[in-house]
Amino acid sequence: MIPAAFDYAAPATLNEALALLKKHGDEAKVLAGGHSLIPMMKLRFASPGYLVDINNIPGLSYIKEEGGFLKVGALTREVMLEDSEMIHTKYPIFIDASKLIADAQVRNMGTIGGNIAHGDAANDHPAVMLALRAEVVITGEGGARTVPIDEFFFGFYSTAVQPGEILTEIKIPIPAKGSGGAYHKLERKVGDYATAGVAVQLTIDKGTCTYIGIGLTNVNAIPLRAKRAEDVLKGNKITDALIEQAAQFAAEDCSPSTDLRGDIEYKKALVKVLVKRMIHKAMDRVK
Amino acid sequence: MQMEKEITVTINGEAKKAKVEPRLLLVHLIREDFNMTGTHIGCDTTHCGACTVLLDGKSVKSCTILAIQADGKKVSTVEGLLNADGTLAAIQEAFKENHALHCGFCTPGMMMRATELLQKNPNPSEDEIRWGISGNLCRCTGYNNIVKAIQYASAKIRGEALPSTEPIFV
Ligand SMILES: Cc1cc2nc3c(=O)[nH]c(=O)nc-3n(C[C@H](O)[C@H](O)[C@H](O)COP(=O)(O)OP(=O)(O)OC[C@H]3O[C@@H](n4cnc5c(N)ncnc54)[C@H](O)[C@@H]3O)c2cc1C
Ligand code: FES
Ligand code: FES
């Protein structure tokens, strides 16, 4: 399968890339890891006339804690999360997610920025970012703006990133002491997209749940934050009864569609089970 | 048709130039422009790993990378695995000695993937090997002898006693 013809540039600076994107407008697409975009172009689901390859732009690939945030550069590859000692010890929720994404070869290429910018509810990082209340830094010719993850996903393959803009960084508020998080998805076979996936991030202060984020993968048109489920737990002591209630709400509030991975009832049942398990796992990881 | 661009790719140590359309996939550059047909096309959809090569040392699926993205970079394929003295590389000897191939279609991709796996982790556990090759499908062997071959190559690379090459039947 060969993509439709397009023109290509791999600028060496962000400014050049932004200028090219502006010049080519709707015709242009950013090429990051290429592992969502190139498959779509090969299937001719996408046929951009111009690709701006951002891989030669230095300084877009990093993982660091700074100013109260965990900052992840847009071009950071999945494999860099897996290889990061800091991510393993302090943010294992990312390891949970990354390990379940495709396979080693795909993770050598796929970027965290691309995983989110693709705007696909089947991808795994969006749910994690929702649970962590990430902020997305989007840069255009006029400068950078920051969009909360709750306002980032517009619709199928549609996000807050506008033509002429590049997603440059993801900022995650460093969780308070007493926090833990976990992610899991059910997949038909290793490397598959989620049948359903659940991310939970929480903080427990003197027995009370002071922060809770629950994000759902592939059970809604856009990545979904299970707000009603969060409200059940927030400000309370977490009990089995409340976990049951939260899981029930998450299952009720998502709208999966029937496909080869399962029917609606099955996927909602999975969400319920996974929410419960991930709350327990996040609580076990609290530190 | 879009403008062709000239690229330079160092393939198995040799710098080669090619004129490519931006949409040319790396696997086609390797097979059709460079006439190295050891790198296979299985699924053409990023699933099977038959097209796996190393791009600047990292295993990637060359059916999902543009040739132009390899401009100025190093590509390693199965044709470049042999040791400098012409003997089989540890991973090749391992596949040969352990019955790790039947039809051989998956083998170049498997060996390239295993090459990076062992570079990053010279002493992987069985689980790490199975996990590490999960992006490479084999329709023939049932994987057991492939896993055994990677364990054999690991021992060979580390200079340890080689494990038995008795095939596993299941
Ligand atoms: C076989 C296979 C299995 C997979 N399984 C999973 C899975 O289980 N879970 C999962 O989460 N993902 C999965 N993926 C997708 C993979 O993780 C992709 O790498 C990821 O979705 C996109 O990241 P990318 O860097 O490759 O983006 P690209 O493919 O380069 O880009 C994707 C889209 O985002 C845009 N974009 C990318 N970066 C930016 C940026 N910085 N600024 C603005 N726009 C940008 C592009 O223009 C394009 O529209 C799979 C892919 C394959 C091929
Ligand atoms: S041909 Fe590239 S992964 Fe199958
Ligand atoms: S040996 Fe035939 S596909 Fe692996």
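Residues are numbered from 1 along each chain as its sequence is written, and chains are lettered from A and ligands numbered from 1 in the order in which they are written. Because the model is predicted, local features need pLDDT of at least 70 and side-chain atom pairs count only at pLDDT 80 or more, while totals for chains, interfaces and linings use all residues; side-chain values use heavy atoms, with hydrogens and water left out.

Chain A contains 11 helices and 14 strands; these are DSSP runs numbered from the N terminus, with helices (H or I) of at least four residues and strands (E) of at least two. The radius of gyration of chain A is 19 Å, close to the 19 Å that the globule rule gives for 287 residues, so the chain is as compact as a globular protein of that length. This radius is taken over C-alpha atoms, and the rule is 2.2 Å times the number of residues to the power 0.38. Along the principal axes, the C-alpha atoms of chain A fill a box of roughly 55 × 45 × 30 Å.

Of the 287 residues of chain A, 57% count as buried. Buried means under 20% relative accessible area, exposed means over 50%, and partly exposed lies in between (1.4 Å probe, protein chains only). The accessible surface of chain A comes to about 11500 Å², and 54% of it belongs to carbon and sulfur atoms; areas come from the Shrake-Rupley method with a 1.4 Å probe, and for residues only the protein chains shown count as cover. Among contacts in chain A with a separation of 6 or more, 63% join residues 24 or more positions apart, where contact means heavy atoms within 4.5 Å.

Over all chains, the search finds 30 salt bridges, each defined as a side-chain nitrogen of Lys or Arg within 4 Å of a carboxyl oxygen of Asp or Glu. One of them pairs Asp192(A) with Arg261(A), whose closest N and O atoms are 2.8 Å apart. Asp192(A) lies in the loop between β11 (179-186) and β12 (196-205) and Arg261(A) in the loop between α10 (240-253) and α11 (264-284), so the pair ties together parts of chain A that are 69 residues apart in sequence. Asp192(A) is buried, at a relative accessible area of 8%.

A salt bridge also links Lys272(A) and Glu244(A), with 3.2 Å between the closest N and O atoms. Because Lys272(A) belongs to helix α11 and Glu244(A) to helix α10 of chain A, this pair ties together parts 28 residues apart in sequence. Lys272(A) is partly exposed at 21%, and Glu244(A) is partly exposed at 34%.

In chain B, Glu97(B) and Lys96(B) form a salt bridge at 3.5 Å, N to O. Glu97(B) is partly exposed, with 32% relative accessibility, whereas Lys96(B) is exposed, with 55%. In chain A, shared partners join Arg133(A), Asp150(A), Arg225(A) and Glu230(A) into one salt-bridge network.

Most residues other than glycine have a negative phi. Arg133(A), however, has a positive phi near 50°. Arg133(A) is located in the loop between α8 (125-131) and β6 (135-140) of chain A and is partly exposed at 23% relative accessibility. His99(B) also has a positive phi, of about 55°. His99(B) sits in the loop between α2 (90-97) and α3 (107-120) of chain B and is partly exposed, at 41%.
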